[in-house]
Amino acid sequence: MARECLHLLSSRMLQGRVLVFSAAICIIVFISLYNHFETKISKLDEARKKLATIVSEIEWKNLAPSQAKALQLLNKEENSVEISNTFEDSVVIYNRVPKTGSTSFMGIAYDLCSRNSFNVLHINTTKNAHVLSLSDQVRFVQNVSLWSAKKPALYHGHIAFLDFSRFGMSKKPIFINIIRKPLDRLVSYYYFLRYGDDFRPYVVRRRQGNKMTFDDCVSKHEKDCDPENMWLQVPFFCGHNAECWVPGSEWALEQAKRNLAEHYLLVGVTEELQDFIALLEAALPRYFRGATNLFVEGKKSHLRKTFNKTYPSPDTVAKIQASRIWQMENEFYDFALQQFHFIRKRTLTVRDGVISDKGQQFMYEKIRPR
């Protein structure tokens with residue numbers, strides 16, 4: 001009896017070992033087959049991708065021009081969703097120069113902000129100061145950079161340019177601006193102080209009651225028409241350095257040019273405001289989609305018109321233009337105008353009297369590895 005039990009136990013143990021061994025063999029075979037097929041599938045998928053790329057390139061080359069253009073537009077629309085997300089935390093700063101048409105421009109921005117889902121914030125400084133204290137510079141930079149609840153945002157106000165990189169900010173805002181012929185701006189401001197405008201006709205201005213013409217002011221060498229009063233557009237672009245606000249400073253002029261070229265996305269001119277708006281719509285549709293039509297068809301082309309403004313006589317113009325301040329401000333204006341025309345020529349087209357973006361003028365090819 002004992003022998004029979006021992007024999008039965010030995011037999012079952014042998015069967016168990018056989019089962020374990022068989023299971024191990026099955027697992028090894030399964031892993032080997034899985035790895036083999038996975039490698040085959042990976043190679044087939046890679047070959048499929050290469051074939052799809054080749055077929056796509058052949059199809060693209062064989063497309064009619066109209067079909068190719070349609071495909072480009074489709075790709076542009078698909079990519080625009082991803083691109084638009086990068087603008088959700090963007091900030092545009094318009095440090096607007098007084099009497100350059102800024103009210104008309106901002107009228108359009110305020111009309112578009114709800115439609116295009118961005119915020120507009122006015123920077124109101126104490127006593128209309130154009131230069132911020134050092135502590136206020138830090139506060140302003142931190143507010144603009146960190147106030148996520150108000151992004152995307154367009155800030156506007158009569159303040160000088162401020163370089164955000166000086167404060168350790170890696171992401172800088174997008175700067176835009178508008179400037180005007182220096183004498184035209186001075187004359188407009190001169191009469192604005194005396195008569196106001198149709199935007200807020202009931203506001204009492206600083207020189208109200210003084211009816212002296214600009215010609216008489218120049219002939220009598222009065223302070224209000226002194227050429228030094230034109231020294232504004234250069235320092236606005238030069239910035240917060242003390243030298244920027246020294247009338248006639250060559251350093252300030254060169255710094256203003258440098259800042260315009262290196263830090264501003266676009267600087268337009270009052271005399272060609274519609275083209276400025278069209279360029280912004282082409283470059284920043286997230287903010288300015290529909291701006292051109294609103295400007296042309298709406299009532300935003302000239303929101304603010306100064307009362308009783310009279311252009312000076314040729315003799316007065318000659319006297320002003322003989323001053324070094326006018327020459328430097330005009331040099332800066334010409335510099336900005338040249339850059340503006342350069343950008344406009346490469347960006348806009350006119351068809352049937354309608355100004356529009358030329359569209360994408362580049363594509364990617366010879367992409368490696370395939």
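Does Ala283 count as buried, partly exposed or exposed, and at what relative accessibility? I looked this up in the predicted model. Ala283 counts as partly exposed because its relative accessibility is 43%, which falls between the 20% and 50% limits. I placed Ala283 in helix α9.

**Helix contact**

I followed α9 to its contact with α3. The axes of α3 (residues 102–116) and α9 (residues 273–283) come within 11 Å and cross at roughly 35°. I noted the crossing of α3 past α9 as right-handed. From α3, the contact uses Ser104, Phe105 and Ile108; from α9, it uses Leu273, Phe276, Ile277 and Leu280. I sorted these residues by class and got 6 nonpolar, 1 polar and no charged.

**Aromatic rings**

I searched the whole structure for aromatic pairs and found 19. I took one of them, Phe175 with Tyr264, and found the pair tilted, at 5.5 Å centre to centre and 55° between the planes. Phe175 is in strand β4 (residues 174–179) and Tyr264 is in strand β5 (residues 264–269), so the pair links distant parts of the chain, 89 residues apart. I found both Phe175 and Tyr264 buried. Both also belong to one aromatic cluster, together with Phe140, Tyr155, Phe161, Phe164, Phe237 and Phe332.

**Charges over rings**

I then looked for charged groups over rings. The charged end of Lys99 sits over the ring of Phe192, 4.3 Å from the ring centre. Arg194 lies over the face of Tyr190, 3.7 Å from the centre of that ring.

**Backbone**

I returned to Lys99 for its backbone. Its phi is near 60°, a positive value in a residue other than glycine. I located Lys99 in the loop between β1 (91–94) and α3. Lys99 counts as buried because its relative accessible area is 14%, under the 20% limit.

Lys127 also has a positive phi, about 55°, although it is not a glycine. I located Lys127 in the loop between β2 (119–122) and α4. Lys127 counts as exposed because its relative accessibility is 80%, over the 50% limit.

Last, I looked up cis peptide bonds. One joins Lys151 and Pro152, with omega about -5°; Pro152 lies in the loop between α4 (134–146) and β3 (153–156). A cis peptide bond also joins Arg368 and Pro369, with omega about -5°. I placed Pro369 in the segment after β7 (354–357).

Methods:
Residues numbered from 1 in each chain as written. Predicted model: local features only at pLDDT ≥ 70, side-chain atom pairs only at ≥ 80, totals over all residues. Heavy atoms only, no water. Phe/Tyr/Trp six-rings, centres within 6.5 Å; stacked < 30°, edge-to-face > 60°. Helix = DSSP H or I, 4+ residues; strand = E, 2+ residues; numbered from the N terminus. Buried < 20%, exposed > 50% of the residue type's maximum accessible area, 1.4 Å probe, protein only. Lys NZ or Arg CZ within 6 Å of the ring centre and 35° of its normal. Axes fitted to C-alpha atoms, helices over the stretch in contact; angles between N-to-C directions. Left-handed = near helix turned anticlockwise from the far one by under 90°. Contact = heavy atoms within 4.5 Å. Nonpolar A, V, L, I, M, F, W, Y, C, P; charged D, E, K, R; others polar.
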